[in-house]
Amino acid sequence: MATAFSITRTAAAVSSASRRVTSVRAAVKPSAKATMRPINDRRRRVAHFAGRDSCRAVVAGATGSADDLLVDDEAGLLDFVANDVDCIVMDCDGVLWQGDTLLPGVRESIQLLREMGKRLVFVTNNSNKSRRQYVHKFEKLGIFVEKEEVFSAAFAAAAYLKTQKFAKKAMVIGGQGIVDELNEMYLEVDPGVFNAVQCTEMDWEELDIDPDCGAVIVGQDTSFTYAKLAYASLAIQRGAVFVATNPDAGDAIGPGLMPGAGAIVASVEKASGVSPEIYAGKPSAFLLELLKGNHVDMARTLVVGDRLDTDITFGRAGGAGATVLTLSGVCGLEDVDAAMEEGGDIPDHIVQSLPHMLGLNPEDAAAIEFVEDDQEDDREGDNTASRDDLDDYLDDEGFADDDDMLFDSVDDQEARDAFGGRI
Ligand SMILES: [Mg+2]
């Protein structure tokens, strides 16, 4: 069955040297209307999901070859996404970006999914940033998301303690994102050893653990020190709950795998002799419950990621409608072949990248310039939003008056504590 939408793009030529690549008016701010118009006839075509009438055909431990799962035609999985999927749960590192570099065609892919009316959920095991910081990162890369669309491992770790009615202090080995999420939930942070870099035998004998330290959260920490390890280990030995953000050993950035949270978690585990009580991020059942509690219907959800042991395992454990591995990050075809041999979780489909999944050529898409609706006004010096502009926006969005957007601080806090009504 053909899809019910059409892919259209604005035919605003950029230059004679790049006639094929055109400027696209995109939803770069809330009031902008998502309008995409054709670059050429090939792009206009909405391809059929030929020959793939079942996206659940492959099960863990299946025999065969990774090549059998590779989607290599121009259509990608576009028709399936259009007709059989309501929600896309998307990994970030290795799918959308590598480090701070946006991968080619990702902006256009997200724009297309928005235009198709798909719910997007960005689930990242990177715990360095809070949800608010991720919103800013997306924005810097030209992609606009809502905080409620982001589920980071930092958020999940703090949320886990909140669900446990945790009332003591949490020591953090990890990024500022974890501290920020704890603060948002009014959970107290134990500063631990701050900037101490060493812990000698004499220091150890005098090490003073805050008796109110009831939890240690461990994620990726680019300032990880022996002193932090010593404090965390002793706190855990004295009964603090050991919460790990995620088990990822590393992310493919630049020259190779950069050490991830899993490497530091292993260090704390070895030093303390205690295993984490929970890994809050993918592929944990806790994170799955968070998503389900936020009304994500996994049966109508496509899980997209670049790792078998977190993303694909998470999707399969959660009963996702389908799982897709992108080859733009950590795992390659050889990893899928190995998982097949060893009986590990394998994806339903493999694509080169997110744009390929949607039948888009990433290089063409990456060359498209996204332009704000009122950019021409900005060039003329009118770059200040007026009260009339705000009123127009509110009218467009269905608000009778901007007072409707004001929230009582108590209500706001209750809403945040409720995590969208789940907890
Ligand atoms: Mg990833």
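Biologist: Which residues touch the most other members in the largest nonpolar core?
Modeller: Among the 96 residues of that core, A156, A157, V216, V218, A232, V243 and V336 touch the most other members. A nonpolar core here is a set of buried Ala, Val, Leu, Ile, Met, Phe, Trp, Tyr and Cys residues joined through C-beta atoms within 7 Å. Buried means that 20 or more other C-beta atoms lie within 10 Å of a residue's own; 12 or fewer makes it exposed, anything in between partly exposed, and the C-beta atoms are placed from the backbone.

Biologist: And which helix gives the most to this core?
Modeller: Helix α5, residues 153-163, gives the most, with nine residues. The core also draws at least three residues from each of domain 1 (21-125 + 285-366) and domain 2 (154-281). Those bounds come from an automatic or database domain assignment. Helices (H or I, at least four residues) and strands (E, at least two) are DSSP runs, numbered from the N terminus.

Biologist: Before I go on, what kind of model is this?
Modeller: This is a predicted model, where local features need pLDDT of at least 70 and side-chain atom pairs count only at pLDDT 80 or more, while totals for chains, interfaces and linings use all residues. Residues are numbered from 1 along each chain as its sequence is written.

Biologist: Fine. Back to V216: what does V216 touch?
Modeller: Leaving out residues up to four places away in sequence, V216 touches M171, I173, A232, A235, I236, A240, F242 and V243. Touching, or contact, means C-beta atoms, placed from the backbone, within 7 Å.

Biologist: Which strand pairs with β8, and in what sense?
Modeller: Strand β8 (residues 169-173) pairs with β10 (residues 213-218) in the parallel sense, over five bridges. I173 stands opposite V218 in β10. For two strands to pair, DSSP has to find at least two bridges between them.

Biologist: What is the strand order in the open sheet of five strands?
Modeller: The order is β9-β8-β10-β11-β14, with parallel pairing. At the edges are β9 (188-190) and β14 (278-279), each pairing on one side only.

Biologist: New topic. Which residues of α10 are buried?
Modeller: In helix α10, residues 285-293, the buried ones are L287, L288, L290 and L291. They sit on the same side of α10, because they cover an arc of only 155° around the axis. That arc is taken from the directions from the helix axis to the C-beta atoms.

Biologist: What do they pack against?
Modeller: The buried residues of α10 pack against β6 (119-124), β7 (150-152), α5 and α11 (308-317). Just after α10, H295 takes a positive phi of about 65°.

Biologist: How many residues of β15 are buried?
Modeller: Five of the five residues of β15 (residues 301-305) are buried, so the strand is largely enclosed by the rest of the structure. T301, V303 and G305 point one way, and L302 and V304 point the other way. In a regular strand the side chains alternate between the two faces of the sheet.

Biologist: Which strands are joined to β15?
Modeller: β3 (residues 87-90) runs parallel to β15 and is joined to it by four bridges, with V89 opposite V303. β16 (residues 322-326) is also parallel to β15, again over four bridges, and there V304 stands opposite V324. β15, α11 and β16 make a right-handed β-α-β unit. Right-handed means that, with the strands pointing away from the viewer, the path from the first strand over the helix to the second runs clockwise.

Biologist: What about G177, buried or exposed?
Modeller: G177 counts as buried, because 27 other C-beta atoms lie within 10 Å. Its place is in helix α6, residues 176-184. Not counting residues up to four places away in sequence, G177 touches S127, N128, K129, S130, Q133, S152 and A154. G177 and R131 are 46 residues apart in sequence and 7.7 Å apart in space, C-alpha to C-alpha.

Biologist: Last one: where is the hairpin with G254 in the turn?
Modeller: β12 and β13 form that hairpin, with two residues between them, and G254 has a positive phi of about 55°. Strands β12 (residues 250-253) and β13 (residues 256-259) pair in the antiparallel sense over four bridges, and G250 stands opposite P259.

Methods
Two residues are in contact if their C-beta atoms, placed from the backbone, lie within 7 Å.
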